[in-house]
Structure formats: structure tokens, C-alpha cells
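Here is a short report on one protein structure. Look at the sequence and the model first, then read on.

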Amino acid sequence: MKLKYLGTGAAEGMPATFCACPVCRRSRQEGGKSLRMRSCTLVGDELLIDLSPDIHAQSLRFGLELAKVKDIVFTHAHPDHEDAYALQMRGTASCSVLPENGQALNLYGERWVRERFERVLLEERVEAARFRFREVKPFERFQAGGYTFDPLMANHRPAQVEQCLIYAISDGQTAVLYANDTGELSEANDAYLAGQGLVFSVVSMDCARGLLPGDGHMGFAECLALRERLRARGLVTENTRYILNHLSHMNDMTHGEWEAFAAPYGFEIAYDGLEVNA
């Protein structure tokens, strides 16, 4: 399974657009891997996890032909993960001429994602036939783009406000845990995963809070605790890669500073353009 991180920043980007805090200033000076667009990941060549508001710039930077994308799996409906305007452009014939073999784009997400998407369909000239939406729920396995997805419960917003998701993804040979936009995870996830026979070769986890205590995002302490939980339950091996993602100026470190800090703990730091073969 191949993953390509198109964006590894949180909602405000990194450095944050209008921010003059010390770490944003240092990130601008450091440049390179310290410059982060909003979160979005390509799995294989034809499936996206989330649709970033930076998707146009990401496609240009990495030479992507997004007309080839057939599936988008959403973690939640926040606009930094579900860019409704980009969907509107894909659904409008004058804005997107699809290839001859073009087909409906398959979208997957919880009901809050569906409700945000349905507002796109109300826009003038958007063709509903250009999309197919499948509502997914925690602990109900589904197939997308040739991969098996196990939706797990994120701890990002109160469930009565919005049920956000993270995903275990498998291609039948290897598995990845993709855990963006979540605080400390529910034990209900552990109980579900215990019966699925998955062992993760890659664990990609939110660390937007950095060295601050976790809330609806994890900090480094929560990432350490998650790794130990996964080890205790036999869900990882000694060769599993642990990658910190969805980084923000709350973490108060540039990419280089993060690398120096996290390496002794066995964590890698994601950056825009990082490719991972799971």
C-alpha cells in the first residue's frame, strides 16, 4: 500500500496564514518541510483521504491528475477536510471536463459529511450524477478503491455534534492506522480491532497539540500512550513505523525541531510530499 501525504498541517496551515507567533516565524525562515498545507493523503493513485482546501495547489505541486481519483473517504465534515467548493467544481461541467471514461466520484463519510455534501448539490449547474455518496458508520467495514476500510471512532467533537472517524485501512497484505483529528481514543476501538486480525505496519497519528495536553487532538503524550496500547494488544510489530501528522503551530516546533525531538522516541515526522510504502 502506497501513501503520499499531500498536506500535513492542521486547519490553519503551518505557518498559520495570518500568524506572527514565534514558531510560525521560524517555519517561514526554515521553509521546506516546515511549510505545511492542510491535511490530505493519497492512497495508491486513485483514492484520497479527505479533500483539502489546498487541493488545487497540492495537485500542481505534486503533478497529480485528480481526474483519475475515483474515491474520497472523509474523516469528518470540517472545511479543512471536506472542501465543498472543490466538490462543486468537480460537479459542474463547465469547470471539470471528465475523461471519456469518467465516472461518478465515490464519496464516503458519516451523515455530517453527507449533509455538507448535499448543500453542494443545491448549487446551480452541479450535476448530481457526477457523484455517488455512501454513508458509513463506526465499526461497519466497507470497500473503497480496492481497499478495506474499518471506520473507528475519533475523539474530536462530541458525538451528538458530529461523529468523526479515523480508519484502519488494509489491502489484504498490510494495514495502516490513519488517525487524524482525534484526541485520546476510545477503548471501543480496541475491542473492535481485537476481532479483525489486523496488524499495522504504519500508524499515522494526529499530533496537533505538540507538547500541550491533548483535547480534540492528540499531543505527544497521547501519541506515546496510543503506541503502547497498540503494542499491548498485538496490533503492531517491532518494525511498525509511527508517523506524526496534522501538525500545527500549537506544537511550537518547526519540522527540523520536531525531527530532533521525536527521533529518540522512534517517531517520524510527516511532511508535505512524504511517500510511505506500507
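A residue counts as buried when its relative accessible area is under 20%. Tyrosine 167 has 0% relative accessibility, so tyrosine 167 is buried. Keep that cut-off in mind. The model is a predicted one.

**The sheet**

Strands of a sheet pair through backbone hydrogen bonds, either parallel or antiparallel.

Now take one end of the order. Strand 5 (residues 105–109) pairs with strand 6 in the parallel sense, over five bridges. Asparagine 106 has arginine 132 in strand 6 as its bridge partner.

**The aromatic rings**

A pair of aromatic rings is described by the distance of the centres and the angle of the planes. The model has 14 aromatic pairs. Two of them are set out here.

| Pair | Centre distance | Plane angle | Type |
|---|---|---|---|
| Phenylalanine 149 and tyrosine 167 | 5.6 Å | 85° | edge-to-face |
| Phenylalanine 220 and tryptophan 258 | 6.1 Å | 45° | tilted |

Why is the pair of phenylalanine 149 and tyrosine 167 edge-to-face? Planes over 60 degrees apart count as edge-to-face, and these planes stand at 85°. Phenylalanine 149 lies in strand 8 (residues 147–153) and tyrosine 167 in strand 9 (residues 165–170). The two residues are 18 residues apart, so the pair links distant parts of the chain. Phenylalanine 149 is also buried, at 0% relative accessibility.

Phenylalanine 220 is in helix 6 (residues 220–232), and tryptophan 258 is in helix 7 (residues 255–262). The pair therefore ties together parts that are 38 residues apart in sequence. Are these residues buried or exposed? Phenylalanine 220 is buried, with a relative accessible area of 5%. Tryptophan 258 is buried too, at 0%.

Both rings belong to a cluster. Ring pairs link Phe220, Tyr242, Trp258, Phe261, Tyr265 and Phe267.

**Charges over rings**

Arginine 227 lies over the face of tyrosine 242, at 5.4 Å from the ring centre. Lysine 33 has its charged end over the ring of tyrosine 271, 4.3 Å from the centre of that ring.

Terms used:
Residues numbered from 1 in each chain as written. Predicted model: local features only at pLDDT ≥ 70, side-chain atom pairs only at ≥ 80, totals over all residues. Heavy atoms only, no water. Pairing = 2+ DSSP bridges. Helix = DSSP H or I, 4+ residues; strand = E, 2+ residues; numbered from the N terminus. Phe/Tyr/Trp six-rings, centres within 6.5 Å; stacked < 30°, edge-to-face > 60°. Buried < 20%, exposed > 50% of the residue type's maximum accessible area, 1.4 Å probe, protein only. Lys NZ or Arg CZ within 6 Å of the ring centre and 35° of its normal.
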